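Have the picture open while you read, and look up each residue as it comes along.

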Amino acid sequence: MEKKKTSIVICLGSSCFSRGNKENLEIIKAYLKEHNLEDKVDFKGELCTENCNKGPIVKINGKIFQDVDARSIVEILNNYIL
Ligand code: FES
């Protein structure tokens, strides 16, 4: 059986995007490339889910991470993806 891909969903709603997900998006893309994970991860964006006050929001396999910034995103990826 094929292993299920890890899912990463980044909120691209204007609030999350302007407060950090613009940078987080680039960081995640570069991270997946650097670690050769582009085939193993299903990375996509979503629209605002009305969690803006807790944003920027990133979800990994359905788990919601709040207040994600350029530093915490790398820690999250190291813990959940590698
Ligand atoms: S913009 Fe991300 S939850 Fe609203």
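**Getting your bearings**

Ile-8 stands opposite Ile-60 in strand 3; strands here are DSSP runs of E with at least two residues, helices are runs of H or I with at least four residues, and both are numbered from the N terminus. What you're looking at is a predicted model, where local features need pLDDT of at least 70 and side-chain atom pairs count only at pLDDT 80 or more, while totals for chains, interfaces and linings use all residues. Residues are numbered from 1 along each chain as its sequence is written.

**The overall picture**

- The protein chain has two helices and four strands, and from the N terminus on they come in the order β-α-β-β-β-α.
- The radius of gyration of the protein chain is 12 Å, which agrees with the value near 12 Å for a compact globule with 82 residues. This radius is taken over C-alpha atoms, and the globule rule is 2.2 Å times the number of residues to the power 0.38.
- Along its principal axes, the C-alpha trace spans about 40 × 25 × 15 Å.
- Of the 82 residues, 21% count as buried. Buried means that 20 or more other C-beta atoms lie within 10 Å of the residue's own, exposed means 12 or fewer, and partly exposed is in between, with C-beta atoms placed from the backbone.
- Take the contacts between residues at least 6 apart in sequence: 67% of them join residues at least 24 apart. A contact here means two C-beta atoms, placed from the backbone, within 7 Å.

**The sheet**

- Strands of a sheet pair through backbone hydrogen bonds, either parallel or antiparallel.
- Here, four strands form an open sheet in the order 2-1-3-4, with mixed pairing. Strand 2 and strand 4 (63-65) stand at the edges with a single partner strand each, so one side of each is left without a neighbour in the sheet. From one strand to the next, the twist averages 20°.
- Two strands count as paired if DSSP finds at least two bridges between them.
- Strand 1 (residues 6-11) pairs with strand 2 in the parallel sense over six bridges, and with strand 3 in the antiparallel sense over three bridges.
- Which residues are the bridge partners of Val-9? In strand 2 it's Lys-44, and in strand 3 it's Lys-59.

**The helices**

- Strand 1, helix 1 (residues 14-34) and strand 2 make a right-handed β-α-β unit. Right-handed means that, with the strands pointing away from you, the path from the first strand over the helix to the second runs clockwise.
- Helix 1 lies across strand 1, strand 2 and strand 3, and runs at about 150° to strand 1. Axes are lines fitted to C-alpha atoms, for helices over the stretch in contact, and angles run from 0 to 180 degrees between N-to-C directions.
- Helix 1 and helix 2 (residues 70-80) pack at an angle of about 35°, with their axes 10 Å apart.
- That crossing of helix 1 and helix 2 is right-handed: a crossing gets this label if the near helix is turned clockwise from the far one by less than a right angle, and left-handed if anticlockwise.
- Where the two helices meet, helix 1 brings Glu-23, Asn-24, Ile-27, Ile-28 and Tyr-31, and helix 2 brings Ala-70, Ile-73, Val-74 and Leu-77.

**Loops worth a look**

- Most residues other than glycine have a negative phi, and most peptide bonds are trans.
- Asn-36, in the loop between helix 1 and strand 2, isn't a glycine but has a positive phi near 55°. Is Asn-36 buried or exposed? Asn-36 counts as exposed because it has 8 C-beta neighbours inside 10 Å.
- Glu-50 sits in the loop between strand 2 (41-46) and strand 3 (58-60), and also has a positive phi, about 60°. Glu-50 is exposed, with 11 other C-beta atoms within 10 Å, and its C-alpha is 9.0 Å from that of Gly-13, 37 residues apart along the chain.
- Pro-56 is in the loop between strand 2 and strand 3, and a cis peptide bond with omega of about -5° joins Gly-55 and Pro-56.
- Leu-12, in the loop between strand 1 and helix 1, is partly exposed, with 17 other C-beta atoms within 10 Å. Leu-12 and Cys-48 are 36 residues apart in sequence but 6.7 Å apart in space, C-alpha to C-alpha.
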